[in-house]
Amino acid sequence: MMNRLLSVTFGMSVLLIGVVLFSVRRSHIRVEYSVSWLVAAFVMLILSSSDFVLGTIANLLGITYAPVALLLVVLSLFLMVFYRFSIVISDLKDANIALTQKLAILEYRIQDLHEERKEED
Amino acid sequence: MKPIGPDSLMILIPAFNEEGAIANVVKEVHSVLPGVPVLVVDDCSPDGTRIEAINAGADVISVPYHLGLGGCVQAGYRLAFELGFSYVIRIDGDGQHDPRFIPAIFDKLKTSGCQMVIGSRFINGGGEHTSIWRKLGILFFRGVLRPILDKPVHDPTSGFVGVNKDAIAVFARSFPLEYPEIEALVVLQRRRFRFEEVPCKMRERQAGKSSITTLKSVYYVIHVLLGVFINILKYGERRPK
């Protein structure tokens with residue numbers, strides 16, 4: 001049971017690393033945003049391939065059944081990734097709104113200038 | 001559109017899908033305040049809001065995608081700030097705010113020295129067209145805001161609001177994006193700014209229908225409460241009593 005869970009996690013982390021690298025290569029993800037995913041995937045890979053590391057972490061967390069520690073660590077990692085992307089999305093939204101407002105204001109002012117020139121002519 | 005004189009005033013009207021009402025609103029403002037520039041910020045309306053507003057004699061800026069109320073209002077404040085207007089009074093584009101009350105707000109802004117003046121439907125009556133649910137919401141937020149603002153506010157959800165240069169400068173930089181009225185009060189209070197209320201009457205909307213549904217009302221309450229709380233955390237200073 002435990003071995004199967006570790007194997008599945010190992011397979012998922014290899015798959016995740018492959019997908020992320022492929023996406024970076026195809027420019028679907030920018031390099032700076034691939035780092036969080038790659039770090040999470042490598043941690044999953046290490047935990048699922050090393051009984052010693054997983055056992056140590058489980059001991060540190062006071063968890064007797066090691067796979068629970070694996071799930072806890074994986075869940076925490078992905079929560080961190082999601083949190084980071086919430087920050088990125090919020091920054092992007094703020095920038096987007098500021099740019100949109102600036103664009104509308106500039107468009108208005110250009111139009112205003114054109115009308116002033118027409119009146120002067 | 002240029003500010004004229006030291007007491008230059010701009011009327012700001014955010015509008016989304018208001019083709020049925022916007023022309024009347026702009027014309028009413030012009031008849032009450034001839035020569036005062038009226039800026040309509042069209043929130044990427046798919047209908048004829050922009051054309052109607054231009055034909056009625058307003059200056060119009062159109063944002064290229066739907067920003068929501070706060071984003072539109074902030075665009076107006078940004079332009080007013082860039083052009084150097086001393087005062088901005090915001091009214092709704094659906095005709096609920098009677099422009100005949102603008103002079104009272106403007107006078108209060110000039111004479112009181114406070115940074116914001118709210119047109120309130122709950123001083124001397126004037127809120128007969130307000131739904132029971134909105135009235136309950138207003139009562140709730142009055143209670144929430146009372147200890148934060150150190151003074152009572154009768155109509156915290158009113159969008160009929162005038163601001164002076166200091167507040168324009170603040171709002172041009174930072175303005176709540178969704179349901180901005182209540183949060184804006186907290187933002188100003190945290191900067192030790194003052195507000196006053198003047199009585200005014202609200203009318204029924206002249207055309208179109210409100211975008212606030214029952215579900216959105218629940219979201220509104222949660223969103224605004226969170227916004228108020230975050231603004232308190234953001235700006236620790238409180239105005240001394």
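Because it is a prediction, local features need pLDDT of at least 70 and side-chain atom pairs count only at pLDDT 80 or more, while totals for chains, interfaces and linings use all residues. Residues are numbered from 1 along each chain as its sequence is written, and chains are lettered from A and ligands numbered from 1 in the order in which they are written.

**The two chains overall**

- Chain B has eight helices and seven strands. Helices (H or I, at least four residues) and strands (E, at least two) are DSSP runs, numbered from the N terminus.
- Chain A, on the other hand, has four helices and zero strands, giving the pattern α-α-α-α along the sequence.
- Chain A is more spread out than a compact globule, because its radius of gyration is 25 Å, well over the 14 Å that the globule rule gives for 121 residues. The radius is taken over C-alpha atoms, and the globule rule is 2.2 Å times the number of residues to the power 0.38.
- In chain B, 45% of the 241 residues count as buried; in chain A, buried residues make up 14% of the 121. A residue is buried if 20 or more other C-beta atoms lie within 10 Å of its own, exposed if 12 or fewer, and partly exposed in between, with C-beta atoms placed from the backbone.

- Strand β2(B) covers residues 38–42, and five of its five residues are buried.
- In a regular strand the side chains alternate between the two faces of the sheet. Here both faces are covered: B:V38, B:V40 and B:D42 sit on one side, with B:L39 and B:V41 on the other.
- On one hand, β2(B) runs parallel to β1(B) (residues 9–15), joined by five bridges. Two strands pair if DSSP finds at least two bridges between them.
- To get from β1(B) to β2(B), the chain goes through helix α1(B) (residues 22–32) in a right-handed β-α-β crossover. Right-handed means that, with the strands pointing away from the viewer, the path from the first strand over the helix to the second runs clockwise.
- β2(B) also runs parallel to β3(B) (residues 59–62), this time with four bridges.
- The step from β2(B) to β3(B) passes through helix α2(B) (residues 49–55), and that crossover is right-handed too.
- B:V41 has a bridge partner in each of these strands: B:P14 and, in β3(B), B:I61.

**Nonpolar cores**

- The largest nonpolar core has 68 residues, and B:I11, B:L39, B:V40 and B:V88 have the most contacts inside it. Such a core is a set of buried Ala, Val, Leu, Ile, Met, Phe, Trp, Tyr and Cys residues joined through C-beta atoms within 7 Å.
- Helix α3(B) (residues 69–83) gives the most to this core, with seven residues.
- Apart from it lies another core of 11 residues, including A:V20 and A:L47.
- Leaving aside neighbours within four places in sequence, B:L39 is in contact with residues including B:M1, B:I11, B:I61 and B:L79. Two residues are in contact if their C-beta atoms, placed from the backbone, lie within 7 Å.

**Where the chains touch**

- The contact takes 13 residues from chain B and eight residues from chain A.
- Helix α3(B) supplies the largest share of chain B's side, six residues.
- By class, the side of chain B that touches chain A has eight nonpolar, three polar and two charged residues. Ala, Val, Leu, Ile, Met, Phe, Trp, Tyr, Cys and Pro count as nonpolar, Asp, Glu, Lys and Arg as charged, and the others, Gly among them, as polar.

**Some single residues**

- A:L77 is in helix α4(A) (residues 66–120) and is in contact with A:A40 and A:V43, leaving aside neighbours within four places in sequence.
- B:C44 lies in the loop between β2 and α2 of chain B, and its phi is near 60°, a positive value in a residue other than glycine.
- B:R192 also has a positive phi, about 65°, without being a glycine. B:R192 counts as exposed because 12 other C-beta atoms lie within 10 Å.
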